[in-house]
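Thanks for passing this one along. Could you have a look at the model with these notes beside you?

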Amino acid sequence: MLTGVLSLRMRYVIECSYKGTVFHGWQVQDNAPTVQGFIEQALTTVLRQPMQIVGSSRTDAGVHAAQQFAHFDVQEPLNNIEKMVYAMNGILPKDIAIQQIKMVPDEFHSRFDATHRRYLYRISSHKTPFLQDLMYFYRAPLDVEQMNRAGEILKKHIDFQCFSKVHTDVATFNCKIEWAYWEQQDQFLLFHIKADRFLRGMVRAIVGTMLDVGTGKLSLSGFEAIILSKSRQKAGRAVPAEGLTLAEVGYPEGIW
């Protein structure tokens, strides 16, 4: 005879986007506005029970996301999900939007099942008031060809400790970079990078070091030597957060 009650769990995933300017990053913090915190509050209000979510990536303060995912669990299937999305968007700040909510397999994990993340860093050579929170204004002339050669060097390596924030608690500094390149679009210089995972502060440190290559301050051999050194102190500065956007989080085909 069963004396306990069987606990059922339904798992759902949220797809969202946000402008990160006014938030202290994705992850919940005490006494600081975060994207995760606002979404959990909205979810708690709509479902009338305490809710927690697990995000696919932890963006830093001021960093944006065109696509971000997070999963959560409930005991019963959700009804009228479209209405729920509408209600949450009405509660959330204007800088956060819920795109969709979908049911996923119980074993799905928004962070560990992700196959890749893609980031975009936007630089403008002209001051642009309407996009000042979404790009980094940088006037110095840059050698884009040399910076793209540096991108090819990145793809040859896997250990990127030199681009990680110090005192980061990770099991490994290894990342597999699929592509890393720059392209010019009118006044904007865009950096695209795709990898299976990223370290804390990694993209902004890479961009800062590549700018040293683009201005001639750093040679390509010097760029590679920094990677081999595994020393954050030898890499370039971290560029401002406002130019960085989490552009895409990928999952295996057919996972939901």
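Predicted model: local features only at pLDDT ≥ 70, side-chain atom pairs only at ≥ 80, totals over all residues.

1. Residues are numbered from 1 along each chain as its sequence is written, and side-chain values use heavy atoms, leaving out hydrogens and water.

2. Let's start with helix H3 (residues 144–155) and helix H5 (residues 220–229), which pack at about 30° with axes 10 Å apart. Gln-146, Arg-149, Ala-150, Ile-153 and Leu-154 of H3 meet Leu-220, Phe-223, Glu-224 and Ile-227 of H5 (contact means heavy atoms within 4.5 Å). Six of these residues are nonpolar, one is polar and two are charged.

3. H3 also packs on helix H4 (residues 202–214), here at an angle of about 135° with axes 8 Å apart. From H3 come Gln-146, Met-147, Ala-150, Gly-151 and Leu-154, and from H4 Ile-206, Met-210, Leu-211, Val-213 and Gly-214. This contact has seven nonpolar residues, three polar and no charged.

4. Do look at Gln-36 too, in helix H1 (residues 35–47). Gln-36 is buried, with a relative accessible area of 10% (buried means under 20%, with a 1.4 Å probe and protein chains only). A polar atom of the Gln-36 side chain lies 3.1 Å from the backbone oxygen of Ile-53. Leaving aside residues up to four places away in sequence, Gln-36 touches Trp-26, Gln-27, Val-28 and Ile-53.

Notes. Axes fitted to C-alpha atoms, helices over the stretch in contact; angles between N-to-C directions. Helix = DSSP H or I, 4+ residues; strand = E, 2+ residues; numbered from the N terminus. Nonpolar A, V, L, I, M, F, W, Y, C, P; charged D, E, K, R; others polar. Buried < 20%, exposed > 50% of the residue type's maximum accessible area, 1.4 Å probe, protein only. Polar contact = N/O pair within 3.5 Å; in protein donor to acceptor, adjacent residues only side chain to side chain.
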